[in-house]
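This report goes through a single protein chain, from its overall dimensions to its sheet, its core and a few individual residues.

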Amino acid sequence: MPKIKTNSGAKKRFALTGSGKIKRKHAFKSHILTKKTKKQKRNLTHSGLIATVDEKNVKALLGMK
């Protein structure tokens, strides 16, 4: 059997935590920042976790089971 290739877009966007959860960054933080408030931009800075319903699909893209 050939090896499964990791999806290039997914490996740039997601990271694994030590406990096996998948970290993600918030959207809407890259451009058109002048009209967004300081509070909004600050809250978008923090990383979050993938929703449990999406974990199966993201792990498949990353080549994990």
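Phe28 is found in the loop between S2 and helix H2, which spans residues 38-45. The model is predicted, and in it Phe28 has a positive phi of about 70° although it is not a glycine. With a relative accessible area of 64%, Phe28 is exposed, because the cut-off for that class is over 50%. The loop between S2 and H2 also holds Ile32. Ile32 is likewise not a glycine, and its phi is positive at about 55°. Its relative accessible area of 47% makes Ile32 partly exposed.

**Overall dimensions**

The protein chain has three helices and three strands. Read from the N terminus on, these elements follow the order α-β-β-α-β-α. The radius of gyration is 15 Å, well over the 11 Å that the globule rule gives for 65 residues, so the chain is more spread out than a compact globule. Along the principal axes, the C-alpha atoms fill a box of roughly 50 × 25 × 20 Å.

Of the 65 residues, 12% count as buried. The accessible surface of the chain comes to about 5,800 Å², and carbon and sulfur atoms hold 57% of that area. Among contacts with a separation of 6 or more, 55% are between residues 24 or more positions apart.

**Sheet**

The three strands form an open sheet in the order S1-S2-S3, and their pairing is antiparallel. S1 and S3 (48-49) stand at the edges with a single partner strand each, so one side of each has no neighbour in the sheet. S2 and S3 are joined by two bridges.

**Core**

Which residues make up the largest nonpolar core? It has five residues, namely Ala10, Ile22, Ile50, Val58 and Leu62. In soluble globular proteins, nonpolar side chains tend to be buried together. Leaving aside neighbours within four places in sequence, Val58 is in contact with Phe14, Ile22 and Ile50.

Lys21 is located in the loop between S1 (15-16) and S2 (22-24). Not counting residues up to four places away in sequence, Lys21 touches Ala15, Leu16 and Leu49. Is Lys21 buried or partly exposed? Its relative accessible area is 44%, and Lys21 is therefore partly exposed, as this class lies between the 20% and 50% cut-offs.

Gly63 is placed in the segment after helix H3 (55-61). At 40% relative accessibility, Gly63 also counts as partly exposed.

Two C-alpha separations involve these residues. Lys21 and Leu44 are 23 residues apart along the chain, and their C-alpha atoms are separated by 20 Å. Gly63 and Lys11 are 52 residues apart along the chain, with a C-alpha separation of 9.7 Å.

The table collects the accessibility values of the individual residues.

| Residue | Relative accessible area | Class |
|---|---|---|
| Phe28 | 64% | exposed |
| Ile32 | 47% | partly exposed |
| Lys21 | 44% | partly exposed |
| Gly63 | 40% | partly exposed |

Definitions and conventions: Residues are numbered from 1 along each chain as its sequence is written. This is a predicted model: local features need pLDDT of at least 70, side-chain atom pairs count only at pLDDT 80 or more; totals for chains, interfaces and linings use all residues. Side-chain values use heavy atoms; hydrogens and water are left out. Helices (H or I, at least four residues) and strands (E, at least two) are DSSP runs, numbered from the N terminus. Buried means under 20% relative accessible area, exposed over 50%, partly exposed in between (1.4 Å probe, protein chains only). Contact means heavy atoms within 4.5 Å. A nonpolar core is a set of buried Ala, Val, Leu, Ile, Met, Phe, Trp, Tyr and Cys residues joined through side-chain atoms within 4.5 Å. The radius of gyration is taken over C-alpha atoms; the globule rule is 2.2 Å times the number of residues to the power 0.38. Accessible areas come from the Shrake-Rupley method with a 1.4 Å probe; for residues, only the protein chains shown count as cover. Two strands pair if DSSP finds at least two bridges between them.
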